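Morning, everyone. Let me put the model on the screen, and then we can walk through it.

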2 protein chains.
Amino acid sequence: MQSVLSRLVDAVGPAYLLTDPADMAGYVVDARRRYLGSALCVARPGTTEEVAAIVRLCAESGTALVPQGGNTGMCGGATPVGARPAVVVSLERMVTIRDMDTVNSTITVDAGCRLVSIQQAAEQAGKLFPMSLGSEGNCQIGGNIATNAGGTAVLRYGNMRDLVLGIEAVLPDGRIWNGLRRLRKDNTGYDLKHLFIGSEGTLGIITGAVLRLCSRPTTSITVLASLNDIDHVLALLDALRDVFGERITTFEAMSHNEYELVLCTHAQLRDPMQVHGSWYVFMEITGMGTEDPHAAVEQFLSHHMEYGHILDATLAQTLAQSENIWRIRHSVTEANLRAGAAVSHDTSVPVSQVPDFVRQSEYGIQRAFPEADVYFVGHVGDGNIHVIAILPHAQCTAPERFAALAQQINDIVDQVTLTLAGSISAEHGIGRSNRMRLRRYKDPIELAFMDAIKAVFDPKNIMNPGTLL
Amino acid sequence: MQSVLSRLVDAVGPAYLLTDPADMAGYVVDARRRYLGSALCVARPGTTEEVAAIVRLCAESGTALVPQGGNTGMCGGATPVGARPAVVVSLERMVTIRDMDTVNSTITVDAGCRLVSIQQAAEQAGKLFPMSLGSEGNCQIGGNIATNAGGTAVLRYGNMRDLVLGIEAVLPDGRIWNGLRRLRKDNTGYDLKHLFIGSEGTLGIITGAVLRLCSRPTTSITVLASLNDIDHVLALLDALRDVFGERITTFEAMSHNEYELVLCTHAQLRDPMQVHGSWYVFMEITGMGTEDPHAAVEQFLSHHMEYGHILDATLAQTLAQSENIWRIRHSVTEANLRAGAAVSHDTSVPVSQVPDFVRQSEYGIQRAFPEADVYFVGHVGDGNIHVIAILPHAQCTAPERFAALAQQINDIVDQVTLTLAGSISAEHGIGRSNRMRLRRYKDPIELAFMDAIKAVFDPKNIMNPGTLL
């Protein structure tokens, strides 16, 4: 191994190859602190060519590689855990915005650019890069692409997959594939880019990308509404779509107990609602150019309040009000951490099945764990609902005990998901956490093709072994 | 072979297996009548299980299969041409709309459904299926998916790829893969659906699909404008996007000589322009719900006429006026047929490179062929410009002579395309026509992966041999 290490030092320079455990500490643990691994070294290349040199050296010696972006993933897919000594490749030094083409509405970036930097670069050019996530300040675009990130604007702008026109990647043998196309249309064979998107670092290391930019809305209206039940939430979405169509950027829902929990645990947040309900909906509706949908939104809300479809609604009048509303939405994770031991899920079902999913998963969990609190929050417009079962801390002090309980709760939710033709991982991916669930629930035909494709690209199995497959 | 034939008769029933050359005539020639082939038989299965039975029989005997939808392709990809006897599998009897879910905004269909039938079903449900093509009355959705169809609404709604949530396909060994997911988000491994989309029948036979439906616009505004040059066309697109964003559904351009040719050859069409220019732009701008962008569009046009960016513009006031404008756009192919021997291209470049592409390809063709007329028409908003060189009929009476000239013109256009980082096939695909050009211009890394993936799915090479790869 020493010879690989010394050659890696030559490839990236001694300043950028970390081997001291103290220096590596932040790279060998995942964001949720569920996986603590160890690495042969952490390489921090500054160019695509340096990434290629690292991968070539590892390919020659059969050394495992773990690509790492902002290390904000939810499933441990970027953490070096396992028997094989691994080289962590951090893209954090590759932060150049390579090209901005406003006429083509594209931006070409290094994979290590943070999402927020790309949002800002787009804004400065008068455009919008619409991907929006809780971790946008820290996550890197390469990781967003490798995990096909979702977030709060998918309803209108799609997943990461829909925002990528081209990629550059270092293949598992160290060759550089330049697929940095800036085209809206290209029908010249199998679309390999779509294999890499969502492949979680198992087919190669994404080093650059061409991203689609959108027109920047000039008006943005934030609405918070309370409703009687989840059926009314779905009916509201349907009615809203008929009037506002693709101008609805965001349509998120939260159960009442989650809403209360957030407000209880965050004293600085103000409750904007007069009348409370069983569910809350967070909406964003945008307008372009001279168009201002304010009056139409107000009319829509009055109409639906009059008919009792909505109990109460508040339309943010100031930026501060809007920020307060979105902070309620984004404080969920922190609130849940304080409440107990959380077992959370990332389920998607057809949007029309969301009410059944909510009722059946709540019933199933409560029956088995009467002491659990069951919360819901999620992207209803995408059929992506996070169920969170929170158990009393006292019940979960031993990690093995918690793992066993979590497994039982997963089984309950997964069975409901399967019955409703849903997905066990809507936006978080598989990583290390969900590998066994994937093997259990995924169509064997697809699993076999995934394994065969992996063998085509990475016959030595050096790319992120133990993640996804 | 006889034993395969008799077993195929058992599989689909004697009424649905054609072997008489007269009955097969329409299935062995392509839409542009450039390829005349022959088939062992034409099988017309009525169910996915029957398709699977056919494929199993062919896999056992190593018989080639040619899947065929509406047979409207531009590149001969669905025509049985070649040394190996082939079974044509026509999906035309599989026309069931399996499911309509307006809350989930999806429709699930058999692959043989014609595009127009799906558009109509969506409309009846108050939704929009936005894919729109010249051949929409005849093409089938399975073919649209297998070729990743483009068309006139890509600017706003994307290519076929962007409208497919799930597919069902019969694999080359006869197994049925049920990938009919109705989910907006699903991050559980490599996205195999995207391999099938655009694979031109080389990985399996698509038998069903889940398609995304959109909200139906309530207002649609058609505008025709004349401009000085292609740079003004690009500037207009940019300005229009700033004001109307994703409300621009269509932005197509045509060179003056093409516009003249269409009007000369179609006496029933009215010329709506007072002032003519070197270029014409066909636009559609839509509004949702109560929103009516008429006034904003009028203001936009006046402003840009005042400043000389537009020479003249007409906003259709009646449905008849709108239809007249779109008929000018859609009569191009017919007009060109009458004008001479056409060599047409399906190029895409970054939108910002469109002016360079137009100038360089025109210059290159004119220099080599002073007698040719060079026309342009295309989807400027997608960077997809069709260059059409029309040679006098007299020069092209011998097919070999025409083929040699076409090859020279292709070379000129392809070189310009490569220089501008474009694609030699934006929306038409590769089929049989462009195989050699693909081998010549595509990145060898991608070609090698395409070949390897093909070998994983179809090791016996029975699926549409001679097409794409």
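A:R338 is partly exposed, because its relative accessibility is 46% and that class runs between the two limits: buried is under 20% relative accessible area, exposed is over 50% (1.4 Å probe, protein chains only). A:E334 is partly exposed too, at 43%. These two form a salt bridge, with the closest N and O atoms 2.7 Å apart. By salt bridge I mean a side-chain nitrogen of Lys or Arg within 4 Å of a carboxyl oxygen of Asp or Glu. Both residues sit in helix α12 (residues 332–339) of chain A, 4 residues apart, about one turn of the helix. Helices here are DSSP runs of H or I with at least four residues, strands are E runs of at least two, and both are numbered from the N terminus.

Some ground rules. This is a predicted model, where local features need pLDDT of at least 70 and side-chain atom pairs count only at pLDDT 80 or more, while totals for chains, interfaces and linings use all residues. Residues are numbered from 1 along each chain as its sequence is written, chains are lettered from A and ligands numbered from 1 in the order in which they are written, and side-chain values use heavy atoms, leaving out hydrogens and water.

Now chain B, helix α11. B:E323 and B:R327 both lie there, 4 residues apart, about one turn of the helix. Their side chains meet in a salt bridge at 3.8 Å, N to O. B:E323 is partly exposed at 41%, and B:R327 is partly exposed at 39%. Salt bridges with shared partners also join A:R181, A:D186, B:K442 and B:E446 into one network.

How many salt bridges are there over all chains? The search of the whole structure finds 56. One of them pairs A:E291 with A:R247, at 2.5 Å between the closest N and O atoms. That pair links distant parts of the chain, 44 residues apart: A:E291 is in the loop between β14 (279–287) and α10 (294–306), A:R247 in the loop between α8 and β13 (248–255). Both are buried.

Next, the interface. Here 87 residues of chain A are in contact with 86 residues of chain B, contact being heavy atoms within 4.5 Å. The buried area is about 6,900 Å², and carbon and sulfur atoms give 54% of it. Buried area is the accessible area (1.4 Å probe) that two parts lose on being put together, summed over both. Between the chains we count 12 salt bridges. B:K185 makes one with A:E427, the closest N and O atoms being 2.8 Å apart. On the side of chain A that touches chain B, α16(A) gives the most, with 9 residues.

How are the copies related? Chain A can be laid on chain B with an RMSD of 0.0 Å, by a turn of 180 degrees and a shift of 0.0 Å along the axis. That is the relation of a two-fold axis. The superposition is by least squares on the C-alpha atoms of residues with pLDDT of at least 70 in both. The same surface serves both copies, as 99% of chain A's contact residues recur in chain B.

Last, a loop residue. B:S331 lies between α11 (319–330) and α12 (332–339) of chain B. Is B:S331 buried or exposed? Buried, with a relative accessible area of 8%. Not counting residues up to four places away in sequence, B:S331 touches B:V262, B:H266 and B:L269.
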